[in-house]
Amino acid sequence: MFMKTHLIALGALILAATGSAQADTLAKIRQSGSISMGVRESSGGLSYAMGDGKYGGFHVELCERVLADIRTSLRLPALEIKYQAVTSQNRIPLLQNGTVDIECGSTTNNAARQRDVAFANTTYVEEVRVVVKADSGIDSLAQLNGRKVATTTGTTSVQLLRKHERAGGINFDEVFGKDHAESFLLLETGRADAFVMDGQILAASISRSKKPSGYRILAEVLAVEPIAIMLRKDDPSFKNAVDEGLAAMMKSGELSRIYDKWFMRPIPPANVAIGLPASSATKDAWTAPNSRPVEELGKR
Amino acid sequence: MSWGWVLASWDWLVFCNDTVSGERVSGCIGPIGEVTYFEWMLSAWGWTLSVALSALVVALVAGSLVGIARTTSNRWWVGFGGGWTELFRNIPLLVQIFLWYHVVPALFPALKAVPSFVLVVIALGFFTSARISEQVRAGIQSLPRGQRYAGSALGFTPSQTYRYVLLPMAFRIVIPPLTSESMNIIKNSSVAFAVSIPELTMFAMQAQEETARGVEIYLAVTGLYFLSAFAVNRVAAMVERRVRLPGTAGTK
């Protein structure tokens, strides 16, 4: 009996991990009058927990605006948004099995993921960059040859470092934090000479540190990645609805104002500004909306 | 959706992909300078076994010494052993790992140069030693008091009494719980990912992110953990059989 329960649990897990649930999200919204939004606990200014079970950030607000538009077009009296925290490990399975209907976090749009999920048009273009201590005398990536470089387990930056090593014949001594806060701690305590991560996460970490002037982001950009709101695959009507809502905000300049609200002005809970102006790549994505994966972005 | 569909959606050949380009490497082993996920997983397995087995040595040595200290007649040793055991078993393992990695080097800057592998081995070893000391103490105390007296009556010093009379029996008695601890240490070594040891759990977290093939990766890693712990179990069972004495517990 015990064995059997376990087998069933394992089966359920595998089904949850690979199965696809309702493909018509608009119908689900109409029926239930609610939607489950996947959010991140700590993804810089894009999506984060503000405390008291509240979530905020650039992508969270974009989703809230888009869902308000969808509520109007479906003529629903009310649309309840349920916030569900997800991690980089579980966001795709939870989207596929219907636990969340729309993921408003910091997910890179790449070809591997497009086999499993769909992405709304790119709303933010991330630049992977390097932060060092201001007094370290390090100005370029090449100077980090043989030195300790921190990054966070479970992110694309780990693979990116590997690519740079093989292509450039350099060798980093990699150390891995289990989350961004710990990776930054490795830099702060001198266990690492540099921290390689998405630019906005670096900017947010610096702004929250004890002494922001003690850190410097290098000019070199290691990679450029389109970040987008993630949706279920094969649900074109929902993707269209989301893209339309985003397009209207891109055109009116509202999107740019929301960006400044989360990245340029002081944000809760600490009321410190991240201070990261929209990059030219991000602005390009707003003027020519597309959902191309990172592989195609690089080829341009 | 049927089971057939689930099985068909698996792609076990993902392990043959190159870890940089993501392209399939024929034969699953990349040429020099290239590494496949399969090779990476084997190296991660090696790290898991290295951490676990090194920590097991630390745990057995420290745990036995502390356990013995707690059964001596010297109250300072008894107090030291009790303090050690309570300190290391009342703090969560992950917290202990962070204490060794972040806090202790901040207090003693010389420790910053110590590799994280050593710190993890110490942390995991000391954590487990607290549990082993408890078992060794119980094993020694389960022996009839007459055994200790018999040692004294023969003119043995206390250390000779332990060496020739008490410990040979006590260790035979506690082989089963020590087996569990040895298997636990394999599984507990997974916390080493938190301090940058590239072991199996870290491989799983990172590789599933890169390949988007979480189910295959986690199933393979689960299998390797099971295999490692089960191998420890079999070795311990063999040891138990080899050292068994006629007329004592466990014999027919």
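**Entry 1: domains of chain A**

I began with the distance between the two domains of chain A: the C-alpha centres of domain 1 and domain 2 lie 27 Å apart. I am working from a predicted model. I then looked up the bounds. Domain 1 of chain A covers 18–125 + 226–299, and domain 2 of chain A covers 127–224. Next I went to the contact between them. I found 17 residues from domain 1 of chain A and 13 residues from domain 2 of chain A in it. I sorted the domain 1 side by residue class. It has nine nonpolar residues, eight polar and no charged.

**Entry 2: chain A as a whole**

I looked up the secondary structure and noted twelve helices and 13 strands in chain A.

**Entry 3: helix α9 of chain A**

I picked out α9(A), residues 236–252. This helix has 17 residues. From first C-alpha to last it reaches 24 Å, close to the expected 24 Å at 1.5 Å a residue. Which residues of α9(A) are buried? I listed A:F238, A:K239, A:A241, A:V242, A:D243, A:G245, A:L246, A:M249 and A:M250. I note that a lysine, A:K239, and an aspartate, A:D243, are on that list. I then asked what covers the buried residues of α9(A). The cover includes the helices α2 (25–32), α3 (58–73), α10 (254–263) and α11 (280–287) of chain A. It also includes the strands β7 (117–119) and β13 (223–232) of chain A. Last, I checked what comes after the helix. A:G253 follows α9(A), and its phi is positive, near 85 degrees.

**Entry 4: chain B against chain A**

I turned to the contact between the chains. It takes 25 residues from chain A and 20 residues from chain B. On the chain B side, the elements that give two or more residues are α9 (200–211) and α10 (214–242) of chain B. I looked up which gives the largest share: α9(B), with seven residues. By class, the chain B side divides into nine nonpolar, eight polar and three charged residues.

Definitions and conventions
Residues numbered from 1 in each chain as written. Chains lettered and ligands numbered in written order. Predicted model: local features only at pLDDT ≥ 70, side-chain atom pairs only at ≥ 80, totals over all residues. Contact = placed C-beta atoms within 7 Å. Helix = DSSP H or I, 4+ residues; strand = E, 2+ residues; numbered from the N terminus. Nonpolar A, V, L, I, M, F, W, Y, C, P; charged D, E, K, R; others polar. Domains from an automatic or database assignment. Expected span 1.5 Å × (residues − 1). Buried ≥ 20, exposed ≤ 12 C-beta atoms within 10 Å, placed from the backbone.
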